[in-house]
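User: Please take me through the side-chain contacts and surface patches of the structure shown below.

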Amino acid sequence: MATPPPPLTRREAREHDSHDTRHDNDYDDSQDHDQAPQSTNEQHTTDADAEAAAAKRAKAELIGRTAAIFIMPLIMVGMMITGYLGTMHSPSANDMPVVVAGSDSKAADIKFALDGAEPDALDVDTVEDAHTAREMVYDREASAAVVIEGDKATLYTAGGAGVQQQTTVTGLVMPALQEEGLDVATEDIASLPDNDPSGLGAMFLMTAIVMAGYLPFSVLRSNSPELLKFKRIVPILGAWAAVIAGLVWTVVCPILDIVDVKDTVPVLGIAWLGVFAISCMQLFITRIVGALGVIVGIFFLMVLGMPSSNLSYPVYTMPAFYRFTHEILPMPAIGEALRSVLYFDGAGVTEHLLVLAIGAVVGLLLTKAYDFISHRRNPDPKPLDVNIPSLHGGRRPDSKVWRYISLIVFPLAMVTMMLTFMLGAMGSPTPKDMPVTVVGSSTEQAKDTIADLEKSMGKDMFDFTATSDKEEARAQVEDRDEVAALVLPTQKNAEFGLIANEAGNNSAYQVVNRIFDQVASAQDMELDVDNVAPLPDRDKNGVVVMYIAMGWILAGFMVVIVGANANPWSRPLKRMIPLTAAYAPFMSLVVALIAGPITGAVDGHFAQLWGAGIIAIFCIAMFAMVFERLIGMLAIIPVIGTLMFAGMPASNGAISEYMIPSFFTTLHDFLPMAAAVETIRSIIYFDSDVVTEHMQVLGLWGLVSLALVFLIDSIKPPRTEHDFGNLHLEREREQKKQARKQAKALEGPKSAPGSAGAQGFDASDSAESSQFGQSGQTVQSTIVEDDPNDYHRLSSSPTMAPTAGDGMSNRPTEAADRSESSDQQEWIPSTV
């Protein structure tokens, strides 16, 4: 039996057709010699014009794809860093609600005193009795309540409503009450549980749920558009929400023990509804703007959602606009619902669940309406295209099963890492081996005091060192070798002294202040704090360094991921290194402008931040390139896991390195995120004293990564075009399946002429019509000839799917092929 010849490729098929055409023309010319010269000249002119137009289009597309490598990171990094730095670098109380209860005259006097002390920060009102005042705090209608009884006052707050809010309102109200001569006591009517002492459990749960809602759409539209059919996607989203709910509960309850078992059902319900509601809204956004919908989703869900959430910082310390978004956005609704269940026994959860339910219903209704209108306007729409070859960097899988598995790996891994790394490391921050020097009049006195402190506190919280040299202890605190120095009372100074470094790390500064203030109070003494490096008002909480570092990290890995997807022609090092060398100064300049002139979070140090950012972005890009070479777009998982999810806890940014598990403390000296944070902190607050050593860490990551990329490329040269595999065969199978379905429909009862049934359509299935066209094509190649009745021709002469971003080779020919069917195709670029 003879072996059949292999199928022709698209180029071979074109050349074969051209050869046949030329042969036929030659035959015709032999019969009409008078018209031959004219026909030949016209044919040559037409071919030359077509080639020139195709070359021009190919060049424009290459330029556009290269520009996307700069534009996409600019949008993402600019949007997120501006949103976070602009709102959270210097939160200040604004109209924070406080209620006062007591006798009419006393309550009025205290209200007047509080209004006078903090006229813009507090919004003070009086209530009838103490019970009403406490209930308003418990229901989160008031940030604090003051109950007056004679010369005594009780300040009621709720730690479950937020540690930052409790600290802020106490700091504002307490001094005013003391100035009125009142004896003030404090009471926390909703204290945080021991397994979640900082209240970060609800915040990280909220963030993971939100991520699970929008992340699948980051690649779904470009990778598997056939799943966007309304009747198919809705049950998929419901099942996905159930999977995430189960995953969330498994991590936070039995593994991390952040959630009590009694709260299992409410947490599962909130997680499911949150993921489903966000997915439904993201579905509608994707219908409107296609693959770019993920950018719109991130803007509303994260950029606006986090400042509005009332979990990272009190919403009353944000601009007034965020109080409005707090009531309507899904991220605040999820966060407040979780807070109600975890810290307030479910009080007030209904209104937040209602916001999510309304969001889900509105998202589905708008999607259905959009599909219906689209189908009415265009019953035979252009089919959607697939323009992501594969997520793992190799040949696109022929099996849908493997394609769908790779589709869910990315969001599932991101959510898992968010919960395990971030919540596991930062959920219960407690001092562990925090270095503190004890200064006594003699070393023996300091050692005796250390023994007493370890007896009362235990030996795990602090790593004490005894000394009698106060100046040496102060120098160590200034150099951040020691977190603080406790100066014991002497005959000249009968007070406890504390030398601390607020700019070194604000969370560690707050801890040593609180703990050693309690030590001094136990001795009936006051604590005299010497802050060697106070934070400025523009960075009250010391988070500016962390957000700038996030900008560098995001910019560094995005250039590689976006470049490999948008324009694989740029992947070889001979092109990628020059491109990154131009990209790094550009993005570092963007981050420096956001931190300085745009948001005012940093004053000065522009040149140093710009220069350090260039090196950091370039080195991080080299690190990301290693994984991109190995696993393609799925490189986001190990890269983000290393740089962000492991890097954030170890960075000594938001939380001190001495308040996290020892594993992450060890990573502080090695990870790029920690090196970036310490570099920025050193530049802004400490005259660049340790910049060199941390830049060496970043440089080492870059050099080692570059060497690995050279090694990988020497073994397997990087591809410069996408490999769509046998996508065309899958399309043919779908066309044949649809043809059989239409033939079967014609055999049954005939429908009215022109009806949806006559065309093989269900009138209610407008979503499928709008997304995939009347031919029922559910998977298309990047360029699709929209002829549903021509699959027999395709079967006899199969053609490979053209590639997206396939470099300079053969571009004019392929561009000309696209121009021939431009009226029947839709080109939608990928956004990942």
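**Surface patches and side-chain contacts**

Analyst: Val401, Trp402, Ile405, Ile408 and Val409 make a nonpolar surface patch of about 460 Å². This is a predicted model, in which local features need pLDDT of at least 70 and side-chain atom pairs count only at pLDDT 80 or more, while totals for chains, interfaces and linings use all residues. Residues are numbered from 1 along each chain as its sequence is written, and side-chain values use heavy atoms, with hydrogens and water left out.

User: How are patches and accessible areas defined here?

Analyst: Accessible areas come from the Shrake-Rupley method with a 1.4 Å probe, and for residues only the protein chains shown count as cover. Like charges are joined within 9 Å, and nonpolar side chains (Val, Leu, Ile, Met, Phe, Trp, Tyr) within 5 Å.

User: Does Trp402 count as buried or exposed?

Analyst: Trp402 lies in helix α15; helices (H or I, at least four residues) and strands (E, at least two) are DSSP runs, numbered from the N terminus. Buried means under 20% relative accessible area, exposed over 50%, and partly exposed in between (1.4 Å probe, protein chains only). The relative accessibility of Trp402 is 58%, so this residue counts as exposed.

User: Which helix gives the most to the positive patch?

Analyst: Lys and Arg count as positive and Asp and Glu as negative, while His and the chain ends are not counted. The place of a charge is taken as NZ of Lys, CZ of Arg, CG of Asp or CD of Glu. The positive surface patch gathers Arg232, Lys736, Lys737, Arg740 and Lys741, and Arg232 is placed in helix α8 (residues 230–255). With four residues, the helix that gives the most to this patch is α27 (residues 727–747).

User: In which helix is Glu327 of the negative patch?

Analyst: The negative surface patch is formed by Glu135, Asp139, Glu141, Glu327 and Glu351. Glu327 has 48% relative accessibility and therefore counts as partly exposed. Its place is in helix α12 (residues 321–328).

User: Why is the pair of Phe421 and Phe664 called edge-to-face?

Analyst: Rings of Phe, Tyr and Trp (its six-membered ring) pair if their centres lie within 6.5 Å; planes under 30 degrees apart count as stacked, over 60 as edge-to-face and the rest as tilted. The whole structure holds 13 aromatic pairs. For Phe421 and Phe664 the ring centres are 6.4 Å apart and the planes stand at 70°, so the pair is edge-to-face.

User: How many residues apart in sequence are the parts tied together by Phe421 and Phe664?

Analyst: Phe421 counts as partly exposed because its relative accessibility is 30%, whereas Phe664 is buried at 8%. Phe421 lies in helix α15 (residues 400–426) and Phe664 in helix α24 (residues 662–667), so the pair ties together parts whose separation is 243 residues.

User: What is the arrangement of the rings of Phe462 and Phe516?

Analyst: Phe462 and Phe516 are both buried. Their ring centres are 5.3 Å apart and their planes at 40°, so the arrangement is tilted.

User: Which residues are linked with Glu628 in a network of salt bridges?

Analyst: Glu628 forms a salt bridge with Arg571, with the closest N and O atoms 3.1 Å apart. This pair links distant parts of the chain, 57 residues apart: Glu628 is in helix α21, and Arg571 is in the loop between α19 (544–566) and α20. A salt bridge also joins the side chains of Arg629 and Glu628 (3.6 Å, N to O), and both residues are buried. The residues linked with Glu628 in the network are Arg571, Arg629 and Asp713.

User: What is the N to O distance in the salt bridge of Arg474 and Glu478?

Analyst: The count of salt bridges comes to eleven. Arg474 and Glu478 both lie in helix α17 (residues 470–478), four residues apart, about one turn of the helix. Their side chains meet in a salt bridge with an N to O distance of 3.5 Å.

User: What phi does Asn652 have?

Analyst: Most residues other than glycine have a negative phi. Asn652 is placed in the loop between α23 (647–650) and α24, and is buried at a relative accessible area of 7%. Although Asn652 is not a glycine, its phi is positive, at about 65°.

Terms used. Patches are made of residues with over 30% relative accessible area and no salt bridge: like charges are joined within 9 Å, nonpolar side chains (Val, Leu, Ile, Met, Phe, Trp, Tyr) within 5 Å. A salt bridge is a side-chain nitrogen of Lys or Arg within 4 Å of a carboxyl oxygen of Asp or Glu.
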